[in-house]
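Hello,

Here is the structure I promised to pass on. Please have a look at it, and then read my notes below.

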Amino acid sequence: MAHWGGFTFKWYERLIHNESIMSALYYTLVVAILSSIIATIIGTISAIGIHKMRGKSRKLILNINYLPVLNPDIVTAVALMSLFAFVKMEFGFSTMLLSHIMFNIPYVILSVLPKMKQLPQNIEEAAMDLGAKPLYALRKVILPQIKPGIISGFLIAFTMSIDDFIISFFNTGNGVSNLSIEIYGMARRGIKPEINALSTIMFAVVLGLLLLSNKKQSIVRGDE
């Protein structure tokens with residue numbers, strides 16, 4: 001769709017001076033980071049509580065947790081938009097952030113619950129029998145054991161937030177736009193090469209993080 005004219009760095013320079021794209025990138029990262037952190041905290045606490053529940057109440061909560069995951073994005077988006085309109089909340093950054101937190105929490109719960117099931121039974125009671133208070137047992141015994149699930153949940157939430165378009169599109173306001181909404185708007189007018197430059201940078205950053213992670217794991221295995 002484009003005419004190849006050789007290699008150039010001018011689009012990276014123009015990307016820095018493109019206010020609409022840089023603003024969209026800012027909102028994308030801020031919403032993704034904040035929603036992932038908040039969803040991870042709420043999801044981890046919820047997973048610990050769900051794990052302790054028994055009987056029909058546990059099944060009911062789990063089925064409710066599956067709803068945002070199984071529902072089409074358009075259903076979740078319209079439902080959230082209707083809720084914000086019902087409570088007369090002004091659409092903008094806050095509504096986008098709340099909607100991202102909402103659809104991220106179930107993924108965190110589903111990431112942490114398997115790690116909770118792997119814990120030995122009555123491990124917190126054993127810690128408290130040895131003198132640990134409940135909060136100390138949670139911080140020093142439970143959370144370190146389920147740390148891989150918490151990290152996985154955070155990364156899934158972060159990825160889902162950056163990738164989301166439909167829910168963001170229905171629950172944002174004037175002046176607040178993320179990258180997916182910005183690219184959707186450009187698609188009708190023509191994609192600017194600055195987006196290609198930004199995509200290249202994001203791809204390079206993700207690839208670099210993966211290489212660093214694999215190298216760190218190799219070093220750890222070598223030490224073992």
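This is a predicted model: local features need pLDDT of at least 70, side-chain atom pairs count only at pLDDT 80 or more; totals for chains, interfaces and linings use all residues.

Residues are numbered from 1 along each chain as its sequence is written, and side-chain values use heavy atoms, without hydrogens or water.

The largest pocket holds about 700 Å³ of space. (A pocket is an open set of points on a 1 Å grid over the protein atoms alone, where a 1.4 Å probe fits, with protein on both sides within 12 Å along at least five of seven lines; lining residues have an atom within 4 Å of a point. The volume is the space filled by probe spheres set on the points, which are joined across faces, edges and corners.) Its lining has 16 residues, with L155, F158, V205, V206 and L209 closest to the centre. Helix α11 (193–223) gives the most, nine residues. (Helices are DSSP runs of H or I, at least four residues, numbered from the N terminus; strands are runs of E, at least two.)

The second largest pocket has a volume of about 470 Å³. W4, G6, T8, W11 and P193 lie nearest its centre, and α11 again gives the most to the lining, with four residues.

Finally, the UniProt entry, which is unreviewed, lists residues 24–48 among its transmembrane regions; its positions use the numbering here, feature names are shortened, and annotations may be inferred rather than shown by experiment. That span is 100% helix, with end C-alpha atoms 35 Å apart.

Best wishes
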